[in-house]
Amino acid sequence: MTTIKLDTIINAPMALVFDVSRDLDIHLKSTKQTQEKIIAGKSSGLIALNETVTWKAKHFGFWLTHKSRITEMQFPLYFVDEMEKGNFKSFRHEHAFTEKNGLVIMSDRLHYETPYGIFGKLFDRLLLKKYLTNFIGRRNVLLKQLSEQQHQNPPENRNGFHPERSIIS
């Protein structure tokens, strides 16, 4: 099993960062390079506990699908998405949020196993781990930018709109 660990420091409220992280519309914006689209399940907005989403994206020149379910969630501390169907033997992505000195530490822990025995392990070692680390890293740069921008310039509170719990994209 391979584990990728990434921590991103964000200057925004934890609840806001949590919601930005589970916003499917923002996820699509962060994955333009893979032409990612949603083909089944929850199709936009904030994904919640027990909801699924199926993604189709181009990775390594191939169109691949990946169905995930949110299997754990405690607002605004953490949520977990796990693969139900896809190209991995197993795939679990833990998203955790902690506050320290007025900043949020967004922690990604991705645990996965590749299929195909020694060939899968070799592919992981040579290409996949670095590819996934960069993929999540690029996504986190956008999440940081959007969270901090939203925190610095919150929209007006109109008609029951709560900027601390909603994302405008």
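The model is predicted: local features need pLDDT of at least 70 and side-chain atom pairs pLDDT 80 or more, while totals for chains, interfaces and linings use all residues. Residues are numbered from 1 along each chain as its sequence is written, and side-chain values use heavy atoms, without hydrogens and water.

T31 sits in the loop between α2 (24–30) and β2. Helices (H or I, at least four residues) and strands (E, at least two) are DSSP runs, numbered from the N terminus. T31 counts as buried because its relative accessibility is 1%, the limit being under 20% (1.4 Å probe, protein chains only), with exposed over 50% and partly exposed in between. Beyond its neighbours within four places in sequence, T31 is in contact (heavy atoms within 4.5 Å) with E36 and F135.

Strand β2 belongs to an open sheet of seven strands, in the order β1-β7-β6-β5-β4-β3-β2, with antiparallel pairing. Two strands pair if DSSP finds at least two bridges between them. The edge strands, β1 (2–10) and β2 (37–41), each pair on one side only. Within the sheet, β5 (residues 78–85) and β6 (residues 90–100) are antiparallel partners over five bridges, and D81 stands opposite H93 in β6.
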